[in-house]
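Please look over the following notes on the nonpolar cores and salt bridges of this model before we discuss them.

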Amino acid sequence: MTPTRRLTVAQALLRFLAAQHTERDGVRQRLVTACWGIFGHGNVAGVGQALLESGDAMPYLQGRNEQAMVHAAVGYARQSDRLRTHAVTTSIGPGATNLVTGAALATVNRLPVLLLPGDVFAARPADPVLQQLQVPYAGDVSVNDALRPVSRYFDRITRPEVLIPAALEAMRVLTDPAETGAVTLALPQDVQAEAYDWPEDFFAPRVWRVRRPLPDPDALAEAAAVLRAAQRPLIVAGGGVHHSGAEAALAAFAEATGIPVASTQAGKGSLRHDHPCDLGGIGHTGTPNADDRAREADVVLGVGTRWTDFTTASMTLFRQPGVRFVNLNIAPCDGGRMSGLPLVADARAGLEALAGALDGHRVPTRYETEYEGAKARWDRLVQTALGAEDGGVRPTQVQVLGALDSVVGDEDVVINAAGSLPGDLHKLWRTRSRQQYHVEYGYSCMGYEIPAALGVRLAAPGRTVWALVGDGTYLMMPTELVTAVQQNLNINVVLVQNHGYASIGGLSEATGGERLGTAYRFRDADGRFTGDPLPVDLAANAASLGLEVLRAGTVDELRAALRAARASSRPTCVYVETRAADADQRPRVREALAPQAWWDVPVAETASRPAAVEARREYDRHAADRRRHL
């Protein structure tokens, strides 16, 4: 007779999770190392009780907002190269629907996270129950069904025995390098508490090996032939380089071939900023050097990139009539993008195989000389932009980055997600190590930064973690500062106050929206906006949530505050109010900070206001350059 153990569904699930491991390149580690939770109707008596019994086998982390808990788990997973993650448990109503944004972020970025929302009664002893969504055409729908389109795998555990195949499939998806993302196991509250005789084998330690598939030999030979024939090739490094741990392989490939490397937001840091082949960011927020090389490239090798619109400048960047693309990607769905030659493989394994197939081939010397000279000119300009003198006045946002650049260590992690900061970071940040640049731009989700910093800090307790947060983002989700204080996670929050939504304000102005709704301003008695900012003290708010707060009014004060924050052993906020970006009067710096490539945001085709009419003319001019790579 098969040995069994009698446990509730929730107890069995946590025991199962504690026995799951990943292994890559001979290194084995726990897959799900902790569970975030906010308890309420539908999980407090099931998963909550099971977590209490689990103790150290499944540590519990207390969150304040369900979306933020997912962000923290995603930050942990990304810092762990997708080989470890956290679970997240919620109640059955608003707690469950609050997971949707975090789940979308995880799935868009292909980062693993396990969601365990409570659900309504499977046995329906009363119908409806508290927080139940009544759907007239379907009795088996709950609010958790909103998680289906944003999950890579979804199942509802309606009976105890359903958990066994569902849990195994959930682990398969979490550890699949091509298919991973949010995984949702909806847990009806009565089933969570139901006991069942589980086979002992269900709890045996299990290892999920993360594969490194090699490219098809024929596709490899064809890709090598295409690259050999190129005169002006370019590599575009995406997030897949980091997920694969392929940075060293990429550096060796670039050094051997002389092919320069531009990076997407997710791929930035694939090479150190001072590597001779590193051109910096590409696309709408790219550097002049990278975008110029892209416009002239005859062959483009994409490594682990999805070719999103920011990277391709909405299909206007790669302009050579005969340009060809080779796509080294572990996901077949991305291998054929840009009508490219698919080279479906792990990034590290594929680069090593491609280097062998090229066997000493190198780009023309004149091409190397050209991009190295452009790189040197750009590096000098970046040094000028970031190294501005104090001046005794409020700094610009670029000066804030310059002050931070002067303080961070090579292994520090800098986190950002939305607003105008990602553009400045992509263009100007000088990345020193493979995991220093942590910008979430696949979903560009305001509110990601602070909870993600908690996840990164948990994954890498020896590193200094910086969360760069604008005032708009801070107001979205500051709640996890309380968690940072409670868990004594000494993250550093750099809170940049510019009294509005700087990024979307600029976009609104460029597209004829005239900055409607993008600034925090008073209304007078007649309902008209005045020029006075709201009397909101976000620094005082951060202090009220338990952080040590350091206020900085000038560049020198900012540098001192950042150094103090880095040396602190407690969660710290550095608060700085900035001047507008165009306050920097140096023409070359202002020109370099301008977008180097277009981004398609449709403008009203007909309008009565002059700003919108002019914006449409400009839109039509850029849209004429768009092409489909067929």
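Which residues have the most contacts inside the largest nonpolar core?

1. This is a predicted model, in which local features need pLDDT of at least 70 and side-chain atom pairs count only at pLDDT 80 or more, while totals for chains, interfaces and linings use all residues. Residues are numbered from 1 along each chain as its sequence is written, and side-chain values use heavy atoms, with hydrogens and water left out.

2. L234, I282, L301, F318 and L354 have the most contacts inside the largest nonpolar core, which has 52 residues; such a core is a set of buried Ala, Val, Leu, Ile, Met, Phe, Trp, Tyr and Cys residues joined through side-chain atoms within 4.5 Å. A second, separate core of 49 residues includes M69, Y474, I491 and V493.

3. The count of salt bridges (a side-chain nitrogen of Lys or Arg within 4 Å of a carboxyl oxygen of Asp or Glu) comes to 42. One of them joins the side chains of D25 and R212, at 2.8 Å from N to O. D25 lies in the loop between β2 and β3 and R212 in the loop between β11 and α8, so the pair ties together parts that are 187 residues apart in sequence; strands (E, at least two residues) and helices (H or I, at least four) are DSSP runs, numbered from the N terminus.

4. R212 is buried at 17% relative accessibility, whereas D25 is partly exposed at 48%; buried means under 20% relative accessible area, exposed over 50%, and partly exposed in between (1.4 Å probe, protein chains only). D25 and R212 also belong to a network of salt bridges with D346, R348 and E352.
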